[in-house]
Amino acid sequence: MSAGPPTRPSLIGRLRNRHDRAVWAEFVELYAPVVFSFARKRGLQDADAADLTQDVLRSVVGAITRFEYAPARGGFRAWLFHITRNHLHSFRRRTLRAGRLTAQIPGVASVALEDLPAEEELESLWEEEWRRKLFARACEHTRPLVEPATWEAFHRTAVLGQSGQIVAEELGMSVAAVYLAKSRVLARLRQFVQTAEED
Amino acid sequence: MVDHLACPQASRLSALLDATNPARDLLDHLARCRQCQNALECIAVGESGWLRSPPARDTAESPHHLMQVLSALKQFPTAADLLTVPPEDLSLDFLAPTDHPEALGAIGPYPVLEVVGRGGMGVVFRALDRALNRIIAVKVLAPQWAANGTARQRFLREARAAAAVAHEHVVNIHAVDESNGLTYLVMEYVPGMSLQERIDRDGPLDAKDIARIALQVAEGLAAAHAQGLVHRDVKPANILLENGVGRARLSDFGLARAVDDASSTQHGTITGTPDYMAPEQAAAQVVDHRADLYSLGSVIYAMSTGRPPFRAPTALGVLHLTATAAPLPIRAVNPDIPPDLEAVALRLLAKSPADRIPTAEAVAAELRAVLVRMQQPIVSSPRRHWRWWGAAGVSLLLAAIAGSVIFTRPREENHASVPIDSGENVRPTPVSQSDKADPPESEEAPVTSVTVPAVVRTFEGHRGSVRGLAVHPDGKRLVSVTGWPRGDGTIRIWDIESGRELHRIPVGPINCDCVTLTPSGDTIIAGFTDGTVRLYEWNSETEMVRLSGEFDITCVAAAPFGRRIAVGDINGRVRVWDPATGRVQLTIFAHAQRHCRAVAFSPDGKLIATAGLDSRVRTWDASTGQMLTETLNGAGAWGLAFADSGQKLLTSGIEVAVWDASGRRQFDLRDGKPPSTRYLKAVAVSRDGTAVAACGLDGLFRVWDFRTTRLRYRASADIGALFAVAFTPDGKYLLTGGGAVFRNGDCAPGNRFTIRMWAVASE
C-alpha cells in the first residue's frame, strides 16, 4: 500500500482526448473548485467567479492539444495558475473600465479588485487553495474505504490536532492504534494525492 | 523514558502501515516514542509532507455556489463540448446549418470544426475549405461590432489591406467576406502556439531565439509597411510560432485597433492590452509605422525578461508609465542577453518616434548583425591568453629550481611542531606545486610569506565530492554531504576527536549540495537535487520531515532564532519554511529563474541575504520578503556569510568581498593570487568573528585575520577542487571538504574525497 507507483496515467495526459466523458468529469471535480474559490477570494462575485472558471477551463481545454506544456516547468498546476491569473487580470481590467471598482463578498470585508497581491504571494495562495481542495477530495475518496473508527482517529489527530492520548481515551482505542490509524489514513490520502500532484 | 536505541528501523516501521497483526513490542514502542510516531507519519505521506498539516477547510465559502458551478460545467458531457460554446455571451446562433458531419455549423461556404480562440473582435474557428481541401481559420467579427457600421467598415478596409500582404512571416488572409449579416476573415490556419503562450510557459527565451523571432517579425512588418499598412497591435499574443519549424507569423494586422477605435466610447469592451503600445498611441496621437517598431521593442523586452517593459495594476497605470518612465534595463533582469540585442530593443523603445531605428528593414538589418555575432563569438583577447601561458611556464620553471628551498622547509617545520597529527602522512602542499589547475591558471608566483597550516585530522570514507560540512556546536561531531560533480548517496556523521565515522545516512542516488544545522545544532538540514529538503537527527537515519519542491535545492540556511529555514533553488526561488507546520511562510523570487547559489540569515534573523547566478547579491526582509539592498558582483558570488554582528556581508566569488549594511563594497580580502575564474565556492566566518576562510575550485583554502585583513594561511588540500569550509566552534581548526579534479570540464577519475582538519589559530 505504501509508496506504490501511480497506477493511473496522468489526468492531464488523458484530457488530451477531449471526447472522454470520465476524464472531463474528473478534471472538473479536481480543478474547477480551485479556480472558482481562488477567484472568489480575489473579490469576484459568485456569478463572475463562475464565468471566469468556465473561461479558464475553456482556455485550458482549447490549448491542451495545441501545444505541449512542459511538466518540468512546474507542471500543469503552474500553467493553470498562469491562465487563471491572466483571466483575473483581464477581468479586473474589464471591470475597472466598466466602472465597477469593487466587489463584495457577503459577510466578508469588501475587497478592492485593484488589490491583487504580488505575484509570489498570489502563487502561494494558489498553491494553498489547490492543496485545500485536493485534501478535501482525497478525504471524500478515502473515507468510505476505511473503518469509521480509523477515520475518526485520523480526523481528530490530524485535522483537529487533538493529542493521541486523548483521542485514544475517547474512542476506546490504544494509543498505538490511534497513531497507526492516523498514519494509515495519511498513506491512503497520499496515494490519492500523489497522482494529482504529478500532473 | 523512551529508549531510542530500541527504535525500529525504517523498514520495520513502514511495514506497520500494511501489517494486519503488528508485533506487540512495536506497538508498545510506537505508543511511547514521539520520534517513531513522527517517522511513521513521514513514511506514510512520503513527498506529500504537507498532508501532515493540510490547509484548513473554508468556512466562509458557500458550498452551494460551488456545486452550481460544478454542475454547470458537467452539463458539458466532454471537454470538447465546452469548446463548442463561444466565450462569454456570444452564442453560435449565427452559424448556418451544414451537411458536414463533424462541423458545428457553417460560415459562408466553410464548415467550422471548433472554436480555437477569441480575439479582440470576435471568435476564431478552425474550419474547412472544401474547394481547396485545406484547413483554414475563420475569424468572425462579433455581432455587436458587425452591427456598428463604422467598426464594420473599418474592419473590412483593414482586412482587405492586410490581405494584400503576402509574406512568410505574416499570417496570410485569403479572403474577407460578408454573409447572412456576418463579417468574417478567411485566413491561413497556423498550428502552434502564440509567443505569449511560449513566454507564459517558458519564461525568458534564449538570446538566439529572441533575435531570430524578432528578426522574422521585423521582416513581416517591413512587408506590411511597404504596403502602407500599420499593424498597431504588435504583441506576443499576435505572434504565432508555427509548430515544428518554429517560424514566427504575425497576425491581426490593424484589426483589433480598427474595432477599438470605432468603439472606444462603448462600455467595458476593449480587450487589447496597452502593455506593448507606443507612447504616441497611448496619447491617442496619430501613429505611423514607427509605433509598430516601438511595440517590437516591447516584444523583444518581453522575450528577454518574461514580462512587458511596464507593469502597473491598471491599464491606465501602464499607459502612464509608457509615456513617462524608462523601463528597467533588460540586462539588469537577464544578464544573458547580449548588449547589442539589448541596444536594439532600447532604441526601439525610444519615447519619441524620431529617436527609434527608422524602419522595419533597418531593424531587420541590425538584428541580422546581432545574430551573426552570436553565431561567431569574438574570441576575447587571445593574445593575453598566450602571455599567461608564458608567465606560467616561467613561474613553473622557477618553482622547479627553487622548489626544495622554498617549499619543503615550512612543510617539515609545521609537521614537526604538531603533536596531534592523525598519524597519516598527509602532506599539506603549498600552492604552485600541487595546483592541478589548467595551465593558464597556475600563473602565480610562489608565495613564501604565507605558512601552511598543519593537518590535525583526516576523515576518510566518502566516495563523492564533499559539498557541505557542518560542525555540531559541541565541537565533537561533524556532518558531511556529497553532491555535484559526484555524490556518493550518503550523509556521514564523524567523530571529530578520533576522525572515525560514527553513522551514515543513506539518501539514494541523488546529490546533496548543501547542509546546515538548526540553531541548537540538534537537527541536520540537507538540501537535495530532487527538490527536497530533509531534516535528520544526528543519531538516526530516519528523516523527520521533508519539504518538497520541483527544483533542485542549491542552498539552505536556518534562522538563528525560531524554526524558520530558508531554502534556495535553481529556479532562483528562496522559500522560508517552518518545518513544524510544514508551511512555506514566504516565497521570494530572489534571482528570476537563475540559480540561487547561497542564502544566509543575518545574526538577528531579520535579513536574508542571497547570491544568484544573475551576478546579484541581494538582501531581503526576512518577514515580508521585501528587497532591501541589491548589488552587482561582477562574476557573481557562490558563498555568503554575515560578519561583524550582521553589519557586514561577505561574498566569495573571484575574491572575498566585504559589503556594508547598505550594500556598499568596503574592501576585499586578497591572497596575492591574480584574479581567476576558479571561483571561491564557500566562505565561512569563525564564531568569534575574528577569522574568515574561503576555498574554491583551485583546490586552495585561505584563512584571513578579519580585523587586519592579513592573510594568515593559504594552502592546497591536495584533493582537487574544494567546495566546503567550516570552523570548529572554538575557531582553532578549519575543516575543508571537496574532491574533484576537472579535466576538460569533466570530473576526472581517481579522485580522493578526504575531509581534513587544519590548525588555523593565530600564532
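Leaving aside its neighbours within four places in sequence, which residues is A:Trp24 in contact with? The close-ups below start there, and the model they show is a predicted one.

**View 1. A:Trp24 and its contacts in chains A and B.** Within chain A, and leaving aside neighbours within four places in sequence, A:Trp24 is in contact with A:Leu15, A:Leu57 and A:Val61. From chain B, its contacts are B:Leu73, B:Lys74, B:Phe76, B:Pro77, B:Thr78, B:Ala79 and B:Leu82.

**View 2. The largest nonpolar core, with 81 residues.** Here you meet A:Trp24 again, as one of the residues that touch the most other members of this core. A:Phe27, A:Tyr31, A:Leu57, A:Val60 and A:Leu189 belong to that group too. Helix H8 of chain A supplies the largest share of the core, 13 residues. A second, separate core has 67 residues, among them B:Val217, B:Tyr276, B:Val333 and B:Val363.

**View 3. Helix H7 of chain A, residues 164-171, and its buried residues.** Look for A:Gly164, A:Val167 and A:Ala168, which are the buried residues of this helix. Seen down the axis of H7(A), the buried residues fall within an arc of 100 degrees, so they line one face of the helix. An α-helix has 3.6 residues a turn, so residues three or four places apart point the same way. On the other side of H7(A) you will find A:Glu169 and A:Glu170, both exposed. The cover over the buried residues of H7(A) includes two helices of chain A, H6 (148-159) and H8 (175-198). After H7(A) comes A:Gly172, with a positive phi near 65 degrees.

**View 4. The second largest cavity, with a volume of about 50 Å³.** Five cavities of 30 Å³ or more are counted in the model, and this view visits one of them. Ten residues line the second largest cavity, and B:Val171, B:Ile173, B:Ser251, B:Asp252 and B:Phe253 lie nearest its centre. By class, its lining has eight nonpolar residues, one polar and one charged.

**View 5. B:Ser465 in strand E11 of chain B.** Strand E11 covers residues 465-471. Is B:Ser465 buried or exposed? With a relative accessible area of 0%, B:Ser465 is buried. Leaving aside neighbours within four places in sequence, its contacts include B:Val481, B:Thr482, B:Gly483, B:Trp484, B:Pro485 and B:Arg486. B:Ser465 is also in contact with B:Phe723, B:Gly738, B:Gly739, B:Ala740 and B:Phe753.

Technical notes:
Residues are numbered from 1 along each chain as its sequence is written. Chains are lettered from A and ligands numbered from 1 in the order in which they are written. This is a predicted model: local features need pLDDT of at least 70, side-chain atom pairs count only at pLDDT 80 or more; totals for chains, interfaces and linings use all residues. Side-chain values use heavy atoms; hydrogens and water are left out. On a 1 Å grid over the protein atoms alone, a cavity is a set of points where a 1.4 Å probe fits but cannot get out, and a pocket is an open set with protein on both sides within 12 Å along at least five of seven lines; lining residues have an atom within 4 Å of a point. Grid points are joined across faces, edges and corners, and a volume is the space filled by probe spheres set on the points. Ala, Val, Leu, Ile, Met, Phe, Trp, Tyr, Cys and Pro count as nonpolar, Asp, Glu, Lys and Arg as charged, and the others, Gly among them, as polar. Buried means under 20% relative accessible area, exposed over 50%, partly exposed in between (1.4 Å probe, protein chains only). Helices (H or I, at least four residues) and strands (E, at least two) are DSSP runs, numbered from the N terminus. The arc is that of the directions from the helix axis to the C-beta atoms. Contact means heavy atoms within 4.5 Å. A nonpolar core is a set of buried Ala, Val, Leu, Ile, Met, Phe, Trp, Tyr and Cys residues joined through side-chain atoms within 4.5 Å.
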